[in-house]
Number of protein chains: 2
Amino acid sequence: MQRWSLAQSDMNKFETKHWTSDTVAADLEHAIHEHRLPPGTKLGEDELAEAYGISRTIVRAALLALSHRRLVELKRNRGAFVAQPTVRDAREVFEARALLEPRTAHSAAERMTDEDLALLRSNIASEHEALDAGENGRALFLSGQFHVEIARIADQTTVQGFISELISRSSLIIALYWRRRAALCETQAHHALLDAFANRDGDLAEQLMKSHLLDLVASLDLRNVTQPPTSLREALKR
Amino acid sequence: MQRWSLAQSDMNKFETKHWTSDTVAADLEHAIHEHRLPPGTKLGEDELAEAYGISRTIVRAALLALSHRRLVELKRNRGAFVAQPTVRDAREVFEARALLEPRTAHSAAERMTDEDLALLRSNIASEHEALDAGENGRALFLSGQFHVEIARIADQTTVQGFISELISRSSLIIALYWRRRAALCETQAHHALLDAFANRDGDLAEQLMKSHLLDLVASLDLRNVTQPPTSLREALKR
DNA sequence: GCACGCATGATTGTATACGAAATTGAGTTC
DNA sequence: GAACTCAATTTCGTATACAATCATGCGTGC
């Protein structure tokens, strides 16, 4: 069940665990993915080092890793910030997903085992739970996991890495450009995909994934009107 | 014309330039891409630090960046080594390229400007030059640049990043699994692509890219017989 | 009163020192 | 002579110290 937050110390995970740059990066990515660390948040090295009970060396390595995944932006002599994808970034991310995910879903459908199906099913169930409990961040994270899991089932490690990165970035994009109306169609699409997987129907899964991604983009407000702050230093830096 | 090598000191670039982790990483990637640093080569931190005239801090950041691109493998307490993609890795890399590059070539054909065409043309010319001069590594690098350039022209930064990584990894794969026969069909395919681009024929470019990639895979020896060394510590470690 | 410049403080960039892990080789034992 | 043990050495992992850079606020001059 393990839940926690970076700011509130409802658990002493920071002292107990033995952190490495990888685990710290994963922890931060998780927090970013769940919108506990919104876009633009400053990630001070000293602050993080103290929070995790480690030195800045590890923190820097973790931030470097996240910057390579374009989840944080490193500004020289200024610090690390949770990335703020532009409208253009958003379009590119979903273009890339459209190239990778439908065909990957096709492969996954053909390789799907019963264990895989059960795992996907429980994922959707958890997503529902989270939604019912009002834990939107957690639901969003699980929703992303669903997509990554498909790539894993397709047995394409390399593509899985790309998709994982794209989905984490999608979470940032959703944080910035999500328009409220038409909310929970998410789990519906996942349910439909699950059915296609259960029938090992690759063509259908591919088609469903394609339209699912189109729906996602359609649910965003990517008019350039809402341009991200550029000139006056991140528009008050939040 | 600036050419140089890591081992031989035919130029004193190491003292003059002001290196950062990014430039060091790019320099190493270039060397790997050109097969001056073959798969399995040990990249000792102290060695590199001394070579570039910087401290291990920068070297570590560069190696970390390259490990995220799967060009070097970091083994805990043992050091960094130029990656040795397995047969499975090779298949995955070319599967991913097959997903990304044909459609990207399609987009590129539609957005192609005359300047872009000239750039691609000069790239091919340089590739020919290198081949004639027997500089196979340089030719291979330029051949890769051709593909990355197409992604840039398609105006897809994110996909370009993925393709760039995949192409660098492809260079390692070629170093390990290239079978000699049927050598220079490379530039032919690029010429054909260039023609399609010149005619702004997206469908043709997409098709040509697809078969180009198939040809590439076909030119590799990916039978599992030639398994990469695993058990006896990198098979004499080079 | 406004703007510019300089000093101060905070934060990151880099180097180095120390500790930990693993490899290596010699020495010993069976 | 073969195999094992253990110390010595090398190399990486982490922390910390110092330098450089940027942001901030006060003071001065126009």
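**Sheet and interface**

Author: In chain A, β1(A) and strand β3 (residues 79–82) pair in the antiparallel sense over two bridges. Strands are DSSP runs of E with at least two residues, helices are runs of H or I with at least four, and both are numbered from the N terminus; two strands pair if DSSP finds at least two bridges between them. This is a predicted model, in which local features need pLDDT of at least 70, side-chain atom pairs count only at pLDDT 80 or more, and totals for chains, interfaces and linings use all residues. Residues are numbered from 1 along each chain as its sequence is written, chains are lettered from A and ligands numbered from 1 in the order in which they are written, and side-chain values use heavy atoms, leaving out hydrogens and water.

Reader: Which strands of chain A stand at the edges of the sheet?

Author: The open sheet has three strands in the order β1-β3-β2, with antiparallel pairing. Two of them have a single partner strand each, so one side of each is left without a neighbour in the sheet. These are β1 (42–43) and β2 (72–75) of chain A.

Reader: What area do chain B and chain A bury between them?

Author: Buried area is the accessible area (1.4 Å probe) that two parts lose on being put together, summed over both. Carbon and sulfur atoms hold 57% of it here. The area is about 2,100 Å².

Reader: Which residue of chain A forms a salt bridge with B:D155?

Author: A salt bridge is a side-chain nitrogen of Lys or Arg within 4 Å of a carboxyl oxygen of Asp or Glu. The rule finds two across this interface. In the one with B:D155, the closest N and O atoms are 3.1 Å apart, and the partner is A:R88.
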